[in-house]
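Reader: I am new to this structure and would like to learn how its features are read. Could you take me through them one at a time?

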Amino acid sequence: MPEPHSLLGALQYADSFFPSGSIAFSWGLETLRLDGEIASPGQVAQFLEAQLRHRWAIFDVPVLIAAMRAHGKMDRLADLDDLAEAMTLATELREGSRRAGAALLKVHAGLCTPGAAEYREAIAQRKARGHLPVVQGLLWKASGLSEEACRAVSAHTLCTGIVGAALRLSMIGHLDAQKILLQVRPMLVELLQLPAGDVEDVRAYAPHAEIAIMRHEVQDGRLFAN
């Protein structure tokens with residue numbers, strides 16, 4: 001059983017009620033829907049599984065855990081930010097990650113989470129970039145969450161973000177959304193039980209989604225930022 005403080009923090013930060021700013025992103029789903037490539041709940045589930053396995057588990061998780069372990073070391077956090085910037089090829093993904101990180105920092109600065117105001121200032125002075133997994137590691141560590149809880153919250157917020165985007169795009173219904181979350185849970189549990197991985201080995205391979213994200217900015221009538 002997780003320690004109660006960490007568990008309660010995880011429930012708060014993973015709740016869609018928490019203003020994390022992630023509702024602005026579709027991770028390429030909006031383009032793929034317009035192309036007719038993803039149209040069913042099963043295809044949304046496959047898309048989510050691919051994002052979890054081929055980006056989140058091998059990119060977000062190592063950076064997140066490294067940021068937690070660098071707590072209080074601003075130079076190390078800035079180095080992780082530079083790594084996230086260099087390893088994220090799509091402009092829209094880089095900008096989206098920084099926007100999401102800035103939104104999360106703003107909320108936590110208002111909550112007086114230790115380190116939030118200082119890192120916002122570092123970003124304002126161009127000493128850091130503020131990518132989402134770096135910011136999550138900094139803030140959730142300062143909030144008393146365990147590494148296991150942080151990984152679970154990161155995964156859950158990604159899952160609900162993607163499923164929520166599919167819901168707002170009318171690709172699925174509310175019951176479909178819950179079925180998809182249940183469908184991916186066994187695979188997610190498997191990923192959460194794996195070692196976090198070395199941050200020097202971070203990589204991501206989801207070309208179909210990244211190309212869709214790159215094409216998104218030239219489309220008319222966009223609902224999402226990517």
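Author: Let us begin with a single residue and the idea of exposure, for which residues are called buried under 20% relative accessible area, exposed over 50% and partly exposed in between, using a 1.4 Å probe and protein chains only. Ser-170, with a relative accessible area of 62%, is therefore exposed. As for the ground rules, this is a predicted model, in which local features need pLDDT of at least 70 and side-chain atom pairs count only at pLDDT 80 or more, while totals for chains, interfaces and linings use all residues. Residues are numbered from 1 along each chain as its sequence is written, and side-chain values use heavy atoms, with hydrogens and water left out.

Reader: Where is Ser-170 found?

Author: To place a residue one needs the helices (DSSP runs of H or I, at least four residues) and the strands (runs of E, at least two), both numbered from the N terminus. Ser-170 belongs to the loop between α8 (147-168) and α9 (174-192).

Reader: What is the phi of Ser-170?

Author: In general, most residues other than glycine have a negative phi. Ser-170 has a positive value, near 60°, and is a residue other than glycine. Cys-112, also not a glycine, has a positive phi of about 65°; Cys-112 sits in the loop between α5 (91-110) and α6 (116-124), and its relative accessibility of 64% makes it count as exposed.

Reader: How many helices and strands does the protein chain have?

Author: The protein chain has 10 helices and 0 strands, so that its pattern, read along the sequence, is α-α-α-α-α-α-α-α-α-α.

Reader: What share of the contacts joins residues 24 or more positions apart?

Author: A contact means heavy atoms within 4.5 Å. Among the contacts in the protein chain with a separation of 6 or more, 81% are between residues 24 or more positions apart.

Reader: What share of the residues is buried, and which residues of the largest nonpolar core touch the most other members?

Author: Buried residues are 48% of the 226 in the protein chain. A nonpolar core is a set of buried Ala, Val, Leu, Ile, Met, Phe, Trp, Tyr and Cys residues joined through side-chain atoms within 4.5 Å. The largest one holds 68 residues, of which Leu-29, Leu-52 and Trp-56 touch the most other members. Helix α3 (residues 41-69) gives the largest share of this core, with 15 residues. Leaving aside neighbours within four places in sequence, the contacts of Trp-56 include Arg-151, Ser-154, Leu-158 and Leu-188.

Reader: Which residues does Ala-166 touch?

Author: Ala-166, in helix α8, counts as buried at 0% relative accessibility. Not counting residues up to four places away in sequence, Ala-166 touches Leu-29, Val-44, Met-171 and Ile-172.

Reader: Are Gln-136 and Ser-6 buried or exposed?

Author: Gln-136, in helix α7 (residues 132-142), counts as buried at 6% relative accessibility. Not counting residues up to four places away in sequence, Gln-136 touches Leu-64, Leu-104, Lys-141, Ser-154 and Thr-157. Ser-6, in helix α1 (residues 4-14), counts as buried at 3% relative accessibility, and its contacts, leaving aside neighbours within four places in sequence, are Gly-144, Leu-145, Ser-146 and Ala-149.
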